[in-house]
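Here is a short briefing on one protein model. It is grouped by topic and meant to be read beside the structure.

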Amino acid sequence: MKTRVLSGIVLAIIMISSLLTGGWYLYGLTLGISLIGMFELYRVLKIHNTVMAYIGYAAAVAYYICMRLTGGKYDMLLLMIAMMAVMTVYVFTFPKHTSQEAVMVVFGLIYVAVALSYIYKVRTITDGIYIVWLIFVASWGNDTFAYFTGVLFGKHKMAPVLSPKKSVEGAVGGIAGATILGLIYGYIVGPEIEGMFLSPAITFAAASCIGALLAIVGDLCASAIKRNYEIKDYGKLIPGHGGIMDRFDSVIFTAPAVYWAVFLINRM
């Protein structure tokens, strides 16, 4: 428990300082987390040292460089090139690799690197220094409220095969808690917001609610993959917490969810 708490504190310090600072610090940290996460996923899939996996890593780096230099104008082009490069290797090395391996390399690129890049994308938009915290309010806030609500009131299993300890009551409590946190946070930082928000408190509450809903899916998705491959954790990088994929499984879904929720709500 002591190790878990200490490593959690260190992780929190790194994340808080990077979100406050933004810029190259957050950019480099997000890229590093993405590459490590991809490696952990590919290792579980037993493709981490293949030529196709290296294309995936290279594509992730190229994607981040493009995001930084062009603001994401050529994201889709890079993803298409990566997909075609992986399939080219698959074709010309056949039957060394399987179609499933090729698909999973591209999946890992999108599932981990592209999804996590939204942490940096959110931070760079107008008022991003305030909005970016919603990603973690929705994900880690949901986890915290879901845990305590589940312990106190949990009776109905939500996904008994994937995660026996998760309950419907816990999920409801987690979503409600994250939504309330988003509402309070939006009310507090509302006077500092420069963007054209009709109501920062309502916008932040809605975005946090959507993010919390998808955080549950993200957590279960990572658990499903672990169940498929019969592993407990993706890695041991964070003592007491497992690997990057174990700690950021819900963030993978909440980061793009918060970005697009705020973007779309702000245009209604």
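Over the ring of which residue does the charged end of Arg-68 sit? The ring is that of Tyr-27, with the charged end 5.5 Å from its centre. A charge sits over a ring if NZ of Lys or CZ of Arg is within 6 Å of the ring centre and within 35 degrees of the ring normal.

This is a predicted model, in which local features need pLDDT of at least 70 and side-chain atom pairs count only at pLDDT 80 or more, while totals for chains, interfaces and linings use all residues. Residues are numbered from 1 along each chain as its sequence is written, and side-chain values use heavy atoms, with hydrogens and water left out.

**Aromatic rings**

- A search of the whole structure gives 16 aromatic pairs. Rings of Phe, Tyr and Trp (its six-membered ring) pair if their centres lie within 6.5 Å; planes under 30 degrees apart are stacked, over 60 edge-to-face, and the rest tilted.
- Tyr-54 and Tyr-57 form an edge-to-face pair, because their ring centres are 5.7 Å apart and their planes stand at 75°.
- Both belong to helix 3 (residues 51-70); they are three residues apart, so about one helical turn separates them. Helices (H or I, at least four residues) and strands (E, at least two) are DSSP runs, numbered from the N terminus.
- Tyr-54 is partly exposed at 47% relative accessible area, whereas Tyr-57 is buried at 13%. Buried means under 20% relative accessible area, exposed over 50%, and partly exposed in between (1.4 Å probe, protein chains only).
- Tyr-118 and Tyr-259 are also edge-to-face, because their centres lie 5.1 Å apart with planes at 70°.
- Tyr-118 is in helix 5 (residues 99-124) and Tyr-259 in helix 11 (residues 251-265), so this pair ties together parts 141 residues apart in sequence.
- Tyr-118 is buried, with a relative accessible area of 12%. Tyr-259 is buried too, at 19%.
- Lys-121 lies over the face of Tyr-118, 4.5 Å from the ring centre.
- One aromatic cluster consists of Trp-24, Tyr-27, Tyr-63, Tyr-64 and Tyr-120.

**Salt bridges**

- The whole structure holds five salt bridges. Each is a side-chain nitrogen of Lys or Arg within 4 Å of a carboxyl oxygen of Asp or Glu.
- One of them joins Asp-219 and Lys-166, at 2.6 Å from N to O. Asp-219 is in helix 9 and Lys-166 in strand 2 (residues 163-167), so the bridge links parts 53 residues apart in sequence.
- Asp-219 is buried at 14% relative accessibility, while Lys-166 is partly exposed at 28%.
- Asp-246 and Lys-226 meet in another, at 3.1 Å from N to O. Asp-246 lies in helix 10 (residues 244-247) and Lys-226 in helix 9, so parts 20 residues apart in sequence are tied together.
- Asp-246 is buried at 12%, and Lys-226 is buried at 14%.
- Asp-233 and Lys-232 also form a salt bridge, at 3.7 Å from N to O. Here Asp-233 is partly exposed at 34%, and Lys-232 is exposed at 70%.

**Backbone geometry**

- Most residues other than glycine have a negative phi, and most peptide bonds are trans.
- The peptide bond from Phe-94 to Pro-95 is cis, with omega near 10°. Pro-95 is in the loop between helix 4 and helix 5.
- Lys-46 has a positive phi, near 65°. Lys-46 sits in the loop between helix 2 (23-44) and helix 3 and is exposed at 66% relative accessibility.
- Asp-127 has a positive phi of about 65°. Asp-127 sits in the loop between helix 5 and helix 6 (128-131) and is buried at 9%.

**Inside the helices**

- Ser-139 is in helix 7 (residues 133-153) and is buried, with a relative accessible area of 0%. A polar atom of the Ser-139 side chain lies 2.8 Å from the backbone oxygen of Ile-135.
- Leu-220 is in helix 9 (residues 200-228) and is buried at 14%.

Notes: A polar contact is a pair of N or O atoms within 3.5 Å; within protein, one must be able to donate a hydrogen and the other to accept it, and residues adjacent in sequence count only if both atoms are side-chain atoms.
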